[in-house]
Every structure is written in structure tokens, then in C-alpha cells.
Amino acid sequence: MTTLLVASTGGHLAELHDLRPRLDVGERRWVTFDSPQSRSLLDGEDVVFVPPATSRDLVGAVKDLIVAERMFRRERYERVISTGASVALAFFLPATRAGVPCSYIESATRTEGPSLTGRLAARVPRTRLYTQYPAWADDTWQYAGSIFDAFEAEPVAEPRPVSKVVVTLGTHERYTFPRLLNHLVTLLPPEWDVLWQVGSTVVDKMPAGARKQVPITEMRQALAEADVVIAHAGVGSALAAMQAGKRALYVPRRKAFGEHVDDHQVAMARELEGRKLVVAREAPEVGLEDLAEAAAWQVRASPGVAPFRLAPS
């Protein structure tokens with residue numbers, strides 16, 4: 001039977017897509033939102049697009065629940081695996097009623113405890129819960145590995161001077177990052193070649209060629225060719241940079257400035273800098289010397305990475 005792989009677009013989908021080869025999954029069907037990212041990332045896969053639901057979006061979650069209930073009435077599934085966010089609950093509830101086992105893998109951004117979605121998923125009967133951090137594993141949350149176990153960093157023998165940059169601020173509709181964009185517009189030399197993916201962020205002096213969202217195939221090419229990547233501290237941005245061999249300059253959004261729902265990106269930046277996979281800086285502190293430091297390292301696949309082991313259904 002088919003496994004449903006369920007995730008919101010952005011970092012949640014990027015994580016599940018990267019974890020999929022480490023999961024024991026045969027026939028699969030993806031459930032996510034329709035976006036340039038999802039269409040590029042899941043090209044050739046069996047995909048069901050559901051109505052988009054943003055953070056703490058009750059109306060969107062209810063719309064997804066209606067789609068999920070329809071799907072479970074029409075077809076039998078082996079199990080549901082999700083990395084969040086609210087779309088996970090929309091599918092877990094009818095899956096549980098139908099006797100289909102569910103597994104929730106908490107986002108790697110949650111270094112100190114579960115998200116709101118994770119806490120709600122813990123209330124869904126017979127749902128298995130997984131953290132990517134052994135420090136907060138317990139009788140409820142099992143540790144099965146981390147998405148970042150697949151990468152390691154090493155210095156570059158002869159770093160190139162920085163002149164080609166990718167800036168990616170995430171594509172969340174609600175949360176923007178004008179502090180960083182304003183800073184970078186004045187910091188980066190005008191003669192540099194910069195690809196700007198700014199999401200919904202708008203400032204008075206927008207950089208030339210700024211784009212809301214860049215298709216995955218084009219972004220991958222740009223990341224591979226870049227000297228350095230500057231990214232907000234989201235999981236999807238980190239993974240994309242690492243897959244391109246880059247140690248990103250990683251800048252967390254802050255709740256105090258209305259840039260995110262909480263400060264989980266601060267903890268995420270701290271975690272990845274501890275692994276030497278990023279160079280973490282606060283938005284107003286980013287300097288050209290930080291770009292040079294990030295460009296002096298490369299990231300490669302870690303040999304012999306272990307499977308992400310979910311308990312048997």
C-alpha cells in the first residue's frame with residue numbers, strides 16, 4: 001500500500017524530501033501545497049496539492065482536513081509520515097479514525113522542544129513522535145537521527161574572492177525580513193553578481209532583480225555557482241546551501257521584530273554553527289569579512305549516514 005508523505009511547503013517539505021531516502025518508504029504519495037518549490041522538488045512524483053495553510057491558520061487547516069477526509073474515504077493507505085506543519089494534523093486526524101498509523105518528525109529547527117504542531121500531534125492517539133535532538137528525547141519523543149547528520153564541513157584549500165552571491169530570505173507569506181534586506185542592500189558592492197530571493201519582504205530601496213521566489217532548478221544552479229550564500233536561518237535554506245556544497249552565512253529572524261512566531265531560528269543558527277555547517281550572525285552585524293569566512297569552507301556529504309529509523313507500523 002501507499003505511504004502518504006505530508007508537509008507544508010518551505011523547510012518542512014525540504015526536510016521530508018531530504019529524509020525520504022533514509023526512511024523505509026516504498027510506494028508513496030506526497031501531500032503539500034502548490035508552489036514553484038513543490039512542483040520543482042517533486043517533479044515526477046505522485047503529488048496531491050491541498051489548499052495552503054499558513055502558521056496558525058485555522059481556516060486553511062480546516063480546508064486541508066476536508067481534503068484529507070475525502071482521500072481516506074476513497075483509498076486505503078499504509079501510513080502517514082509528516083514533518084509539519086498544520087497540514088500534518090489535518091491528515092493525522094482522519095488517518096487515526098481509519099486505523100492508519102501516523103509518524104510525526106519534528107522539524108530540525110526545534111532544538112529545545114516541540115513546536116505547537118508537535119504538541120498537538122502528541123494528543124492524536126497512536127501517533128509516533130520523533131525529535132531530531134537527543135537532548136530532549138523522552139518516553140514520548142524518540143530520537144531517530146537528524147537531517148544534518150548527512151553533512152560535514154571542511155576548509156577550502158584555496159578560497160576564491162567573493163563576487164557572486166545568493167541571498168535567500170525565505171518565502172513565507174506572513175513573515176518578512178526587512179532588517180537583513182536593508183542591511184545587505186547597502187553592504188554588498190554594486191558590481192557583485194547577486195541573486196535576490198526576497199519572498200514577501202519589501203523595503204524602500206529594493207535591489208535590482210529582486211524576486212519573490214526562484215524555481216528550485218534555477219536556485220540549485222545559482223547555489224552551485226555562488227561564492228557564498230546568505231540565508232535566513234530556516235531549515236530549507238540551510239539544506240539547499242549544504243547540498244550545493246556551501247557553508248552559508250546564516251542569519252536568524254527575531255520574534256521581537258515581528259520576523260517570526262518565536263525565536264527558534266536563533267537556536268537553529270546556534271546548532272548549525274556548533275556543527276560548523278554555517279557561519280551564524282545577527283542581521284545588523286553581517287560584514288564582508290563574514291562572507292569571506294563562509295566562502296573559505298565547503299560542505300560535503302557525510303559518508304555512511306545512518307537510516308532515519310521509524311518504529312514499525
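Predicted model: local features only at pLDDT ≥ 70, side-chain atom pairs only at ≥ 80, totals over all residues.
How many bridges join β11 to β12?

**Stop 1: the seven-stranded sheet**

Start by selecting the strands β1 to β7. They form an open sheet in the order β3-β2-β1-β4-β5-β6-β7, and their pairing is parallel. At the edges you will find β3 (47-50) and β7 (141-143), each of which pairs on one side only.

Now zoom in on β6 (residues 127-131), which runs parallel to β7 and is joined to β7 by three bridges. Pick Leu129 and look across to β7, where Trp141 is its bridge partner.

**Stop 2: helices around this sheet**

Next, show α4 (residues 86-97). This helix packs on the sheet and touches β1 (2-7), β2 (28-33), β3, β4 (77-84), β5 (102-105) and β6. The direction of α4 makes about 155 degrees with that of β4.

The axes of α3 and α4 come within 8 Å and cross at roughly 35 degrees, and the crossing is right-handed. To display the contact, select from α3 Ala61, Asp64, Leu65, Ala68, Glu69, Met71 and Phe72. From α4, the contact residues include Ser86, Val87, Ala90, Phe91 and Leu93.

Move on to α1 (residues 11-19), where Leu13, Ala14, Glu15, Leu16 and Leu19 are buried. What do the buried residues of α1 pack against? Their partners are β1, β2, α2 (36-41), β4, β5 and α8 (235-243).

One more pick here is Thr117, in helix α5 (residues 116-121). Is Thr117 buried or exposed? Its relative accessible area is 12%, so Thr117 is buried. Leaving aside neighbours within four places in sequence, Thr117 is in contact with Ala85, Ser86, Ala88, Leu89 and Tyr104.

**Stop 3: the five-stranded sheet**

Now select β9 to β13. These five strands form an open sheet, again with parallel pairing, in the order β10-β9-β11-β12-β13. Its edge strands are β10 (193-197) and β13, each pairing on one side only. From one strand to the next, the twist averages 20 degrees.

Here is the answer to the opening question: three bridges join β11 to β12, and the two strands run parallel. Click on Ala231 and you can find its bridge partner, Tyr250, in β12.

Helix α6 (residues 178-187) packs on this sheet, touching β9, β10, β11 and β12. The direction of α6 makes about 165 degrees with that of β10.

Then turn to α10 (residues 288-295), with Asp290, Leu291, Ala294 and Ala295 buried. These residues cover an arc of only 135 degrees around the axis, so they sit on the same side of α10. Among the elements covering them are β9 (164-168), β11 (228-232), β12 (248-251), β13 (278-280) and β14 (297-301).

**Stop 4: the nonpolar cores**

To finish, hide the cartoon and show side chains. The largest nonpolar core has 76 residues, of which Leu4, Leu23, Val80, Phe91, Phe148, Tyr250 and Leu272 touch the most other members. Helix α4 gives this core its largest share, seven residues. Apart from this core lies another, of 25 residues, including Leu188, Val194, Leu249 and Ala283.

Terms used
Residues numbered from 1 in each chain as written. Heavy atoms only, no water. Pairing = 2+ DSSP bridges. Helix = DSSP H or I, 4+ residues; strand = E, 2+ residues; numbered from the N terminus. Contact = heavy atoms within 4.5 Å. Axes fitted to C-alpha atoms, helices over the stretch in contact; angles between N-to-C directions. Buried < 20%, exposed > 50% of the residue type's maximum accessible area, 1.4 Å probe, protein only. Arc of directions from axis to C-beta. Core = buried A, V, L, I, M, F, W, Y, C linked by side-chain atoms within 4.5 Å. Left-handed = near helix turned anticlockwise from the far one by under 90°.
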